Every structure is written in structure tokens, then in C-alpha cells.
Amino acid sequence: MRSDPQPFVRMVGIMKRFGGIHALRGVDFTVDRGEVVGLVGDNGAGKSTLIKILAGVYQPDQGELYIDGERVRFKSPLDAKARGIETVYQELALVDQLDVSANIFLGREPTFGPFIDRSRMRQEAHALLTSLQIQIDSLRTPVGQLSGGQRQAVAIARAVRTEPRLVIFDEPTAALAPPEAARVLELVRRLRARGIAVVFITHTLQHVFAVADRIVVLRSGTKVADRPAAATTLEEVVRQMVGEG
Amino acid sequence: MRDGEFERVEVTLPRPPRWQGIRLREWLSQLNRNRELFALSTLLGLSALSSALSPHFLTETNLKNLLAHVSVLAAVTAGETFVMLTGGIDLSVGSVLALSGVASGMAIQWWRWPAPFATLAGVAVGLACGAVNGFLVTRVRIPSFIATLAMLAIARGLTLLLSGGESISDFPASFTWLAGFVGPIPVLILAVLLLYAGLQVVLGATPFGQHIYAIGGNEQAARLVGIRADRVKFLVFSISGGCAGCAGVLLAARLNSAYPNAGVGLELDAIASSVLGGVSFTGGVGSLVGAFMGAMVVTVLGTLLNLLNVSPFYQFLAKGAILLLAAISLARGVMYAK
């Protein structure tokens with residue numbers, strides 16, 4: 001296989017305004033294949049806007065997006081999915097009334113003729129959850145009745161099911177109790193072990209240092225740091241976030 | 001350190017007043033998990049009450065009548081349920097029923113079409129009205145309440161125009177056999193049960209059915225995973241129109257007459273039936289089995305009040321009250337279910 005000098009994702013000079021608010025002021029951002037990138041910054045730094053542009057939810061006002069060196073324009077999340085970019089949203093995009101397996105396969109149900117192949121759906125959902133070492137008592141439980149961590153795990157399983165090349169996490173560990181957060185971080189490591197790149201946003205810096213290969217810091221819509229996790233420290237990142245670095 | 005500094009908003013549900021005690025809350029949460037059971041117990045209770053209050057309730061004639069009567073409402077309710085499961089509403093069902101009935105009546109009596117074609121024509125007219133509703137909601141982006149309210153008026157107006165305000169009656173036996181019996185069982189109810197069986201397969205066993213629930217449960221989530229929500233909604237309104245069309249043909253056959261004022265106010269009964277059957281008015285929860293039982297409840301209630309010679313004026317009050325009761329208990333049930 002030809003080794004590709006291009007990173008998997010390259011964003012150049014991304015700008016985005018919402019009314020009078022300058023959410024992003026020309027940010028460059030790259031993700032290599034199978035790399036875990038932690039994206040940190042204070043509230044309003046532009047983290048969510050940046051990943052929503054990468055996920056196809058927002059379109060940038062200016063700037064370019066390259067996948068494997070090819071210029072692309074994502075008009076919707078479907079365009080991003082077609083390029084192997086899946087997102088696990090902070091405001092979990094699950095249907096509370098449907099059960100676990102239905103949520104994992106939502107929109108891509110396996111069929112037998114015109115009918116949903118429910119037994120295959122449950123088998124594959126079970127196999128997927130097992131391979132990610134996610135424990136859920138019953139696949140028939142409506143996800144509205146699961147704990148926050150379990151819901152997060154279901155959302156992650158759904159993202160992984162399509163064999164994506166990059167999974168974006170928006171605050172995967174916020175709102176989770178520490179043991180559940182640890183399990184989600186473990187899931188991130190398992191994705192990397194599968195060769196899937198991960199971009200994740202969090203406010204909890206220990207979580208970034210626990211799993212990230214590289215840490216990118218945003219402040220007021222500008223990138224202020226981009227370092228390998230091993231080459232920086234928690235204190236330094238905090239200084240960069242609040243602007244004393 | 002910023003650890004633990006999350007913006008987490010805890011939503012606390014309003015607790016019931018102390019005097020209601022924990023029992024009622026548990027009962028309501030159970031109710032929410034077994035919504036069909038609610039309809040079934042209401043139906044059984046109401047039937048027991050009816051047979052206690054009137055010696056005529058449990059007679060063969062009355063039961064046959066009841067089944068024939070419930071067929072029309074049940075057919076309309078099935079379509080209404082599809083729309084409500086996506087979180088929409090269809091107010092036009094009564095008028096569409098009348099237009100379809102008159103259309104098939106005209107096809108038979110005026111143009112001398114063979115009965116099967118006239119039947120299909122009636123259903124097709126219903127489908128077309130539903131498709132227009134779906135177009136207005138998904139393409140023109142008019143809320144379903146307004147779009148179908150306009151259709152309620154337009155379809156009624158068309159019905160009156162086409163029929164000249166007159167009933168079309170005395171259909172050939174090739175059409176009125178629908179009002180006959182197989183043994184003691186009305187053909188009407190068999191036709192409607194067949195309709196329910198078909199729709200149940202669509203709703204319960206196909207991706208399309210799954211997507212109906214998904215859209216009603218969380219439309220944004222459904223769109224994010226790539227479900228074509230507008231296509232599903234368009235089809236759902238078409239199905240509702242088609243069901244109203246079937247009901248119009250069945251009613252014309254039952255009465256041996258297609259009259260332009262058929263189905264006035266039927267949307268109230270259909271929505272009440274769905275809600276009584278446990279279909280959530282915000283979408284995503286409910287079943288056809290429940291909807292059918294809801295239609296039974298509404299019909300039995302009407303029959304009971306008729307048998308007791310209660311004035312129709314009070315019947316409206318009773319229907320409104322039972323609809324409110326069902327809505328209140330189910331809404332409370334949702335609150336306490338978690």
C-alpha cells in the first residue's frame with residue numbers, strides 16, 4: 001500500500017460566525033489515521049462549532065476541508081458519514097421509546113425481504129456490544145430507561161457499527177459518574193485499537209491526558225496550542241485555555 | 001482544576017400531592033407501561049356497566065350493530081394512529097370519508113361502474129386527499145393541524161358540490177354485500193380486521209414502521225441517522241387518507257347510501273379513540289391494537305348512552321370528558337414512569 005503523506009482530515013482556515021459572534025476565527029486542524037485527538041477549551045472557545053463543521057452539521061463561512069487530501073464540502077451529516085465520519089452527540093441522538101438494538105440499527109435496519117430481520121438485528125447488536133465489552137442487561141429495554149453511561153455506550157456502539165474511520169465525541173464523559181466515564185474512556189481506547197481515529201471534546205483534562213495522542217487547545221475561536229499529549233502538561237494546557245500561556 | 005465542573009441541569013418532575021400517596025403514582029406509571037391494558041380495562045368495565053344498565057346491550061342485534069358501527073370508526077382511527085405516532089394530527093378524516101363515499105356512490109349510480117372499481121375509486125380519492133395533506137406538511141411546511149384543517153373544509157366543500165347536497169342511495173347487491181354477514185359476523189368488521197392486520201405488519205415488521213416510531217420519538221435523532229422523515233410523513237398522511245377512504249366506502253355500503261354530511265365531527269372520535277388506546281399525542285408511543293380498543297370504547301360508550309336514551313347533547317359532554325380523563329391519566333403516567 002502506498003503510504004499517504006496527507007493526513008486523514010485537514011481543515012484549513014476555518015471561520016464561522018453566528019450573527020455577531022465570531023465562533024471560529026481561522027482555525028487549522030488535522031487528524032491522522034487512527035489518532036486520538038483531544039480538543040479542549042473554555043466554554044465558547046469554538047470546540048463544538050469546529051466539530052460540527054467536521055461532522056457536516058454546520059457549513060463554514062470560510063476555509064477548506066480536505067479528506068485524504070481531497071477537497072470536500074459537507075452539506076449534511078450524511079455527507080460526512082459517507083466519508084466515514086460518525087458523531088456521538090452530547091445531546092444524545094437516541095430515540096428513548098425504541099429499544100437498544102433498534103437504536104443501534106436505526107435507519108439501517110437489516111431486512112429479510114420487506115421486513116426487519118429482528119433476530120439478526122439482536123444478534124448483531126449483541127455481538128457488537130460484546131466486542132466493545134459493553135454490558136446491557138436486555139437489548140429490548142427502551143433506551144429511555146437506561147443510565148447515562150449505558151445510553152452513551154449505545155450511542156457509541158451505533159457510531160462504530162458502520163465501521164467508520166473517525167468518530168467524533170462531543171463531551172462523552174460530561175454528566176457521567178466517574179466509573180461510567182472511565183468505561184467510556186476505555187471504549188475510546190478500544191476504538192483506537194481498531195484503527196479508528198477519534199476526536200473528542202471534554203472539560204475534564206484528566207480524561208484528555210488519559211487517552212489522547214495529541215491535544216489541541218482553542219481559545220476565543222483561535223487555536224492556541226497543538227501538541228503531542230506526551231510533550232505537554234496539565235498545568236500548561238490550563239494556562240493555554242485561560243490565556244496566561 | 002476544572003474537574004466536575006459540568007453544566008448538568010437536573011430535571012425534577014413535579015411530585016403528586018402527598019394525599020394522593022405513592023399508590024396512585026405507581027398505578028399511573030404502570031398504566032403508562034401497559035397502555036393497551038388501560039383501553040382493555042376501560043372497555044370491559046364499560047361493557048359490564050352497559051349490560052348491567054340495559055337489558056338490550058347483550059342482545060345479538062345490538063352486538064351485531066355495535067361491530068358494524070365500530071368498523072367505520074376503527075378504519076379511520078387506524079390512519080389517525082399512524083399520523084399521531086409521527087407526532088402529527090389529521091383533522092380531515094371525517095370530510096375525506098364523506099368525499100370518498102360520495103365518489104364511489106357517484107361511480108356506481110351515475111357512471112355505472114362495476115362495484116369493485118367504484119370501491120377502489122373511493123379508496124383512491126381518500127389516498128389522494130391524504131397525499132395532498134402529506135404534500136402540504138412536508139413540502140409546503142404547513143403544520144399538520146392547519147393543513148388538515150384546510151383539507152377538512154375543502155373536502156367537505158367538494159363533497160357538497162359534487163353531490164349537489166343530495167344523498168346517493170340504493171346501491172346494487174354487488175356493493176352492499178359489504179354490509180352483510182358471514183354467519184353472525186358482519187363483513188364490515190372482517191374487512192376492517194383485515195385492514196388492521198395489513199397495517200400491523202407494516203407498522204410492526206418493516207423499517208418504515210420503525211421509522212414512524214423513531215420520528216415521533218425524536219425527529220432530530222431520526223434525521224441525524226439519515227431517515228428520510230419527510231418521505232415517511234408523506235406516506236403516513238396518505239395512509240390516513242386511504243383509511244378514511246376505506247371507511248367512507250364501508251359506511252356507504254352499511255347505510256346503502258352515500259350522504260354528503262357523513263363523518264361530520266368524526267375526527268374527534270378518531271383522535272379520542274387513539275388517545276384512549278394509548279397513542280401518545282406527542283408521538284412515538286402507541287399501537288394499533290390499542291387504537292382498535294379505543295374505537296371500541298368510544299362506540300360502546302355511544303351505544304350505552306343511546307340505550308339509556310341520553311340526549312345526544314349529553315353524549316358530546318361524555319365523549320369530551322372521557323377523552324380528557326384518558327389524556328390526563330396517560331400524561332401523568334409518562335411523568336411518573338421513570
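How many of the eleven residues of helix H12 (residues 266-276) of chain B are buried? Ten of them are, so to speak, tucked away, and the helix counts as mostly covered. Keep in mind as we go that this is a predicted model.

Let's stay with H12(B) for a moment. Its buried residues include Leu266(B), Ala270(B), Ile271(B), Ala272(B), Val275(B) and Leu276(B). The buried list also has Glu267(B) and Asp269(B), along with Ser273(B) and Ser274(B). Just past the end of H12(B), have a look at the backbone of Gly278(B), where phi is positive, at about 95 degrees.

Now for the nonpolar core. The largest one has 174 residues, and the members that touch the most others are Ala75(B) and Val76(B). Helix H11 (residues 229-255) of chain B is the top contributor to this core, giving 15 residues. If you set aside the neighbours within four places in sequence, Ala75(B) is in contact with Val192(B) and Leu195(B), and also with Cys243(B), Cys246(B), Ala247(B) and Leu250(B).

Helix H3 (residues 60-85) of chain B and H11(B) have axes that come within 7 Å and cross at roughly 170 degrees. Angles over 145 degrees count as roughly antiparallel, which is why H3(B) and H11(B) are described that way. On the H3(B) side, the residues that meet H11(B) include Ala68(B), Val72(B), Ala75(B), Val76(B), Gly79(B) and Val83(B). Facing them from H11(B) are, among others, Val236(B), Ile239(B), Cys243(B), Ala247(B), Leu250(B) and Arg254(B). Sorted by class, this contact has 16 nonpolar, four polar and two charged residues.

Over in chain A, pick out Leu129(A), which sits in helix H4 (residues 118-131). Is Leu129(A) buried or exposed? It is buried, because 20 other C-beta atoms lie within 10 Å, and the cut-off for being buried is 20 or more. Beyond its neighbours within four places in sequence, Leu129(A) is in contact with Ile134(A), Ile136(A) and Ala157(A). Ten residues along the chain from Leu129(A) comes Leu139(A), and the two C-alpha atoms are separated by 9.9 Å.

That leaves the place where the chains meet. Here 22 residues of chain A are in contact with 22 residues of chain B. On the chain A side, the elements giving two or more residues are helix H2 (77-82), strand E8 (115-116) and helix H7 (205-211). By class, that side divides into 14 nonpolar, six polar and two charged residues.

Key:
Residues are numbered from 1 along each chain as its sequence is written. Chains are lettered from A and ligands numbered from 1 in the order in which they are written. This is a predicted model: local features need pLDDT of at least 70, side-chain atom pairs count only at pLDDT 80 or more; totals for chains, interfaces and linings use all residues. A nonpolar core is a set of buried Ala, Val, Leu, Ile, Met, Phe, Trp, Tyr and Cys residues joined through C-beta atoms within 7 Å. A residue is buried if 20 or more other C-beta atoms lie within 10 Å of its own, exposed if 12 or fewer, and partly exposed in between; C-beta atoms are placed from the backbone. Helices (H or I, at least four residues) and strands (E, at least two) are DSSP runs, numbered from the N terminus. Two residues are in contact if their C-beta atoms, placed from the backbone, lie within 7 Å. Axes are lines fitted to C-alpha atoms, for helices over the stretch in contact, and angles run from 0 to 180 degrees between N-to-C directions. Angles under 35 degrees count as roughly parallel, over 145 as roughly antiparallel, 65 to 115 as roughly perpendicular and the rest as oblique. Ala, Val, Leu, Ile, Met, Phe, Trp, Tyr, Cys and Pro count as nonpolar, Asp, Glu, Lys and Arg as charged, and the others, Gly among them, as polar.
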